[in-house]
Amino acid sequence: MKITTDKAITINYTLKDNDGKIIDESNDSSFIYLHGHSNIIPGLETALSDKVKGDSFELVLEPKDAYGEYNSAITQTVPRDAFGDEKIEVGMQFHAEGDDGQPVMITVSEITGDNVTIDGNPPLAGVTLNYDIEIMEVRDATEEELSHGHIHAHGESCGHTH
Ligand code: ZN
């Protein structure tokens with residue numbers, strides 16, 4: 001069975017940056033997604049298309065095909081006072097509203113004295129993604145999964161009512 005739209009796909013993967021540092025990995029067949037519904041990054045989804053169970057391959061995604069180039073224009077330095085009494089630490093993340101009204105994830109990237117630098121780039125912006133991937137299972141998604149647009153691992157429902 002080939003990987004096509006509306007299949008439920010289980011993969012094991014290791015994701016490294018260009019220095020060989022492991023960014024993320026899942027080697028216990030716990031990563032399952034619904035193919036063709038933009039639930040994973042587009043470059044990865046495209047590479048998986050038409051593969052079959054048992055295939056393994058390496059994939060290199062440049063930033064433009066993954067989380068985008070790093071954009072220094074969307075970092076900003078604000079006074080610590082702007083956060084009120086909240087304790088601020090480097091690496092903290094919170095949601096804010098972007099210029100287009102869409103929610104964006106903001107990361108605190110630097111604290112210097114009373115100045116806090118916040119960064120609207122995704123954490124992996126500017127990072128080349130080096131994947132090692134093995135396809136563990138390909139099955140048809142259920143009607144319920146298709147109506148929800150995501151898979152339900154281990155036959156469990158997700159509790160959504162949509
Ligand atoms: Zn669901």
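## Ground rules

Buried means under 20% relative accessible area, exposed means over 50%, and partly exposed is in between, with a 1.4 Å probe and protein chains only. Asp140, at 45% relative accessibility, therefore counts as partly exposed.

This is a predicted model, where local features need pLDDT of at least 70 and side-chain atom pairs count only at pLDDT 80 or more, while totals for chains, interfaces and linings use all residues. Residues are numbered from 1 along each chain as its sequence is written, and side-chain values use heavy atoms, with hydrogens and water left out.

## Two domains

The protein splits into domain 1 (7-67 + 126-155) and domain 2 (72-119), with bounds that come from an automatic or database domain assignment. Between the C-alpha centres of domain 1 and domain 2 there are 30 Å.

Strands here are DSSP runs (E, at least two residues), as are helices (H or I, at least four), numbered from the N terminus; two strands pair if DSSP finds at least two bridges between them.

S3 pairs with S8 (residues 129-140) in the antiparallel sense, over six bridges. Leu61 sits opposite Leu129 in S8.

## The S4-S7-S6-S5 sheet

The order S4-S7-S6-S5 describes another open sheet of four strands, again with antiparallel pairing. Here S4 (75-79) and S5 are at the edges, each with a single partner strand, so one side of each is left without a neighbour. Neighbouring strands are turned by 40° against each other on average, direction ignored.

S5 (residues 93-97) and S6 (residues 103-112) run antiparallel and are joined by five bridges, with Glu97 opposite Pro103 in S6. The two strands make a hairpin with five residues between them, and Gly101 in the turn has a positive phi of about 85°. On to S7 (residues 115-119): five bridges join this strand to S6, also antiparallel, and Thr112 has Asn115 in S7 as its bridge partner.

## His35, tucked into a loop

His35 is found in the loop between S2 and helix H1 (42-48). With 2% relative accessibility, His35 counts as buried. Its side chain makes a polar contact of 3.0 Å with the side chain of Ser49. Such a contact is a pair of N or O atoms within 3.5 Å; within protein, one must be able to donate a hydrogen and the other to accept it, and residues adjacent in sequence count only if both atoms are side-chain atoms.

Leaving aside neighbours within four places in sequence, the residues in contact with His35 (heavy atoms within 4.5 Å) include Ile3, Lys7, Ile9, Glu45 and Leu48.

## Salt bridges

Searching the whole structure turns up four salt bridges, each a side-chain nitrogen of Lys or Arg within 4 Å of a carboxyl oxygen of Asp or Glu. One of them joins Lys7 and Asp140 at 2.5 Å, N to O. This pair links distant parts of the chain, with Lys7 in S1 (residues 7-16) and Asp140 in S8, 133 residues apart. Lys7 is buried at 15% relative accessibility.

Lys87 pairs with Glu89, the closest N and O atoms being 3.1 Å apart. Lys87 is exposed, with a relative accessible area of 62%, while Glu89 is partly exposed at 42%.

Conventions
Axes are lines fitted to C-alpha atoms, for helices over the stretch in contact, and angles run from 0 to 180 degrees between N-to-C directions.
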